[in-house]
Amino acid sequence: MAQGSTGGLSGLSGDAQAFVKLNSLTKVFGETVAVQSVDLTINRNEIFALLGSSGCGKSTLLRMLAGFETVSSGSIYLDGEDITELAPYERPVNMMFQSYALFPHMTVEANVGFGLKQEGVARNEIHERVYEALELVQMSPYAKRKPHQLSGGQQQRVALARSLVKRPKLLLLDEPMSALDKQIRHNTQIELVRILDQLGVTCFMVTHDQEEAMTMANRLAVMTEGQIEQVGTPQEVYAFPNSRFVAGFIGSTNLFEGVISVDEPDHIMIDSEDLQRPFYVDHGVSEPLGMTVSVSLRPEQIKVARDKPEQEHNWAHGMVSHMAWMGSYALYQIRLDSGKVVEANMPSQVLIQAEPPGVDDEVYVSWGRDSVTVLSS
Amino acid sequence: MIPARVRRGAAQAWSVMPPYLWLVLFLLVPFVLVFKISLADLKFGIPPYTPLTSIKDEAIQLTVHLRGYALLFTDSLYISTYISSLKMAAVTTFWCILIGYPMAYYIARSPDSVRNVLLLAVILPFWTSLLLRVYAWVGILRSDGLLNGALMAMGIIDAPLEIYRTDWAVYIGLVYAYLPFFILPAYANLVKLDTRLLDAAYDLGARPWRAFVSVTLPMSMPGIIAGAMLVFIPAVGEYVIPELLGGADTLMMGRIMWTEFFTNADWPMASAVTVIMVLLLLVPMIVFQVNQKHRYEHERGGA
């Protein structure tokens, strides 16, 4: 695998790497369209995350990839081969289930070896490969146990070993961390990425947890109402969301409604009812003058201070209505004079140096010319 | 004041009382009574057996008669009846599994709305008395009955089949009567089988049949065993069905007991037959239970 398995393979690399290809994939249940004409490309050795809230169709999409759901229309290509019509047991695809779905009546060893046994692999080779897989997830000492004798984290490792042992061309992960405690989740995510990179597995995961998607994925897609809203690297999608939905879904944001009132070559101005002064936006916006747009302002881009900022634009006056220490940063909710409540994160480091504003204190919020994203949809 | 711990212990003891009380009242006490009669001898009068203890010359005499048991183990009729009963119950259980399991599986996999109708259909026969239903089989299986009439009309057979008053008729009646007792526990087990486990099996390359054999079947074993016991145990002592459908040479415990009690009025003999039958069923069950418990504890403790 010449491409190597480094993180950060971006989607810009062209079609040569297209390993999994979904062509206008659609799934209809009776009257409802669960997945609507989805086109997606997943590159070789990439960890791709499909992100969406429950009921957005992401699980249906995953089940179509695994072969558990038939496809209403469209096609799925894996490594150049059309697998749309193949039964689940004929696909070179394995899945780690959200509930792990370990066979409760079998030992860990038998669970991991199950897939190889179906393939008719020789007994001693099964044993060898099972222990190799268990070694990989550090579960070989538990080979003789039954699933109910393991903790949640251990069960997840076994489920991972079971889905990797057949060396699938595509690994599917269904909400991989949702059954784990929050404390061990983060480390497990990093560990999982390490294992997948080490093996060079192409992986498609489905999650509702944007943090999980950002931590693990090389690229991600945001899905809502059966359609893909945006595809890109986590950085791209976070920094340049293409819709209000994505801006709100990936991280939290403050959204303002406004109208473009000035359109100059180097900047534009957007009037908003929520602010006394218009937004002054530095970078290029293609929307025409007079158009109604949304402005997304991330909480961490907002500076909270007691003193009036020196800049002419991009600030507002308000009162702290709520404040919470989150550890590395403090979360402020500030009611602007217009009545609009904005959220701001201030690094604790900065706050400790001065006397931090508290609840009911009058403050000024401000932001830079390049720190907002203008959205037309 | 009673310490809280003692009170809680007492409450716990009380909460497990009802099943034990039930077992003592309706299983242990009757069994002891029957066991007592089985150790008596025949006597004319009421009751028609000798007392176990008597007071004579200021001494309590305990008289144990083993006539019933002696006869049981010497008269080949009883021994072959035991064997025949166990065999008929085993064959009935086998057919109930063979017919009932696919039915239970089908019901468990049906959509909710259909499932309740199908379940009702399984339970529906219970709304009619067993006697009536078995009697209906007489009408079906007789030489000039429905079955033979239909088969002859279709030209499949020339002469009527001899089913009524044979072991075949008893098997048909037993399987018919006990099938729901197998289907219900098997269904209860199959319906809660996590279908994601089957998905996992398919995902790992198992074809549907392999997935059934390696996942569904082993996981539904408790349901199969429960259903099999519910069929086997009452079938061994069944009286009505062999009496109505069986021939004179159909040997089953229920009929022997009936004959001893009501025809011969030999209560001690009938009791001895009963005691041995209960032991014959109870001992293997206890061994099985203890074995299961050991295995379970071994798995838990083996961690």
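In chain A of this predicted model, strands β1(A) and β2(A) form a hairpin with two residues between them, and Gly30(A) in the turn has a positive phi of about 55°. Strands (E, at least two residues) and helices (H or I, at least four) are taken as DSSP runs and numbered from the N terminus, and two strands are said to pair if DSSP finds at least two bridges between them. By this criterion β1 (residues 18–29) and β2 (residues 32–43) of chain A pair in the antiparallel sense over eight bridges, with Val20(A) standing opposite Ile42(A) in β2(A). Strand β1(A) also pairs in the antiparallel sense with β4 (residues 73–78) of chain A, over five bridges, and the bridge partner of Lys21(A) in β4(A) is Tyr77(A).

Residues are numbered from 1 along each chain as its sequence is written, while chains are lettered from A and ligands numbered from 1 in the order in which they are written. Because the model is predicted, local features need pLDDT of at least 70 and side-chain atom pairs count only at pLDDT 80 or more, whereas totals for chains, interfaces and linings use all residues.

An open sheet of five strands in chain A has the order β15-β19-β16-β17-β18, with antiparallel pairing. Its edge strands, each pairing on one side only, are β15 (303–305) and β18 (341–347) of chain A. Neighbouring strands of this sheet are turned by 45° against each other on average, direction ignored. Within the sheet order given above, β16 (residues 315–325) and β17 (residues 329–336) of chain A pair in the antiparallel sense over seven bridges, and Val320(A) stands opposite Ile334(A) in β17(A).

Helix α2(A) packs against α4 (residues 152–164) of chain A at an angle of about 25°, with the axes 7 Å apart; axes are lines fitted to C-alpha atoms, for helices over the stretch in contact, and angles run from 0 to 180 degrees between N-to-C directions. That angle makes α2(A) roughly parallel to α4(A), given that angles under 35 degrees count as roughly parallel, over 145 as roughly antiparallel, 65 to 115 as roughly perpendicular and the rest as oblique. The crossing of α2(A) and α4(A) is right-handed, a term used if the near helix is turned clockwise from the far one by less than a right angle, with left-handed for anticlockwise. Residues are in contact if their C-beta atoms, placed from the backbone, lie within 7 Å, and on this basis Val108(A), Asn111(A), Val112(A), Phe114(A) and Gly115(A) in α2(A) meet Val158(A), Ala161(A) and Arg162(A) in α4(A).

In chain B, α9 (residues 195–203) and α10 (residues 208–219) pack at an angle of about 140°, with their axes 10 Å apart, and α9(B) and α10(B) are therefore oblique to each other. Their crossing is likewise described as right-handed.

The contact between chains takes 19 residues from chain A and 16 residues from chain B. On the side of chain A that touches chain B, the elements giving two or more residues are β6 (93–96) and α2 (108–119) of chain A, and α2(A) gives the most, with four residues.

The mean pLDDT (the predictor's confidence in each residue, from 0 to 100) of chain A is 89, and 95% of its residues reach 70 or more. Over residues 1–14 of chain A, however, pLDDT stays under 50. Where pLDDT is low, the predicted coordinates should not be read in detail.

Conventions
Contact = placed C-beta atoms within 7 Å.
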